[in-house]
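Here is a short report on one protein model. Please keep the sequence and the structure in view while reading.

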Amino acid sequence: MSQSASTPPLQDPHATTAAQVAGQSASNPTRATELSNLKISLRGALRQFPDFPLPGILFEDILPIFANPTLHEALLRCLELHILESNGNQKPDVIVGLEARGFLFGPSLALRLGAGFVPVRKQGKLPGPCETQGYQKEYGEDFFQMQSDAIKPGQKVLVVDDIIATGGSAYAAGELIKKMGGDLMAFVFILELEFLKGRDKLSAPVHTLLTGQEEKVL
């Protein structure tokens, strides 16, 4: 970067984000200020595709974040700050990521927080003994699984995914964690389709990183 981090007003948004992620901002912003600035950068990186995958749905594409290493790092830093702020600086023992986009950032976030990572997969994808939980989809029932020894009793567990829509898959993950004796701390999503009211199904606090869609696109 050609500009100094000591002159934030002159930096482009991605350069500012990089300095903040590295903790090198000369102004030493508070955690809340840093979090707010990171969210602005991340929101600006999203692409929108109307009527995908179904008419009336405005699809929020998060993949540009992962194509840019600065934004990828910003996402991890933003999630880290958001989790610490929302949970009184308490860190989880385990991050559980939902198939499939929870796998994009779940392992890196777990490493950053000093936690283990456990995947939740569709039935038949994991080897060995597994716990199984069904959940309702628009056209019937589906099943999620976790390996039976993946969560130890009493471990603090955080569930992450890219978006919460109807909440069925996140519900199944939460039930699997409780079956194994885990302490379900919260659910964390990048985005939320608020009009589908998926959070109403979930039995732990729900945190959304970026502003979601409050109503269906007509």
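Is I40 buried or exposed? The model is a predicted one. In it, I40 has a relative accessible area of 58%. The cut-off for exposed is over 50%, so I40 counts as exposed.

**Helix α2**

I40 belongs to helix α2. This helix covers residues 31-45, 15 residues in total. From first C-alpha to last, α2 reaches 21 Å, close to the 21 Å expected at 1.5 Å a residue.

Which residues of α2 are buried? They are E34, L35, L38, S41, L42 and A45. Viewed down the axis of α2, these buried residues fall within an arc of 125°, so they line one face of the helix. An α-helix has 3.6 residues a turn, so residues three or four places apart point the same way. The face of α2 turned away from the buried side carries the exposed residues I40 and G44.

L210 is 170 residues from I40 in sequence, yet the two C-alpha atoms are 8.7 Å apart in space.

**The sheet**

Now the strands. An open sheet is built from 7 strands, with mixed pairing. Their order is β5-β6-β4-β3-β7-β8-β9. The edges are β5 (130-137) and β9 (206-208). Each has a single partner strand, so one side of each lacks a neighbour in the sheet. On average, neighbouring strands are turned by 25° against each other, direction ignored.

Within this sheet, β7 (residues 156-164) and β8 (residues 183-192) pair in the parallel sense, over 8 bridges. I164 stands opposite E192 in β8.

**Helices on the sheet**

| Helix | Residues | Strands touched or crossed | Angle |
|---|---|---|---|
| α5 | 102-113 | β3, β4, β7 and β8 | about 160° with β4 |

**R77 in helix α4**

One more helix residue deserves a look. R77 sits in helix α4, residues 69-86. Why does R77 count as buried? Its relative accessibility is 19%, and buried means under 20%. The side chain of R77 also has a partner: a polar contact of 3.2 Å joins it to the side chain of E80.

Notes:
Residues numbered from 1 in each chain as written. Predicted model: local features only at pLDDT ≥ 70, side-chain atom pairs only at ≥ 80, totals over all residues. Heavy atoms only, no water. Helix = DSSP H or I, 4+ residues; strand = E, 2+ residues; numbered from the N terminus. Buried < 20%, exposed > 50% of the residue type's maximum accessible area, 1.4 Å probe, protein only. Polar contact = N/O pair within 3.5 Å; in protein donor to acceptor, adjacent residues only side chain to side chain. Pairing = 2+ DSSP bridges. Axes fitted to C-alpha atoms, helices over the stretch in contact; angles between N-to-C directions. Contact = heavy atoms within 4.5 Å. Expected span 1.5 Å × (residues − 1). Arc of directions from axis to C-beta.
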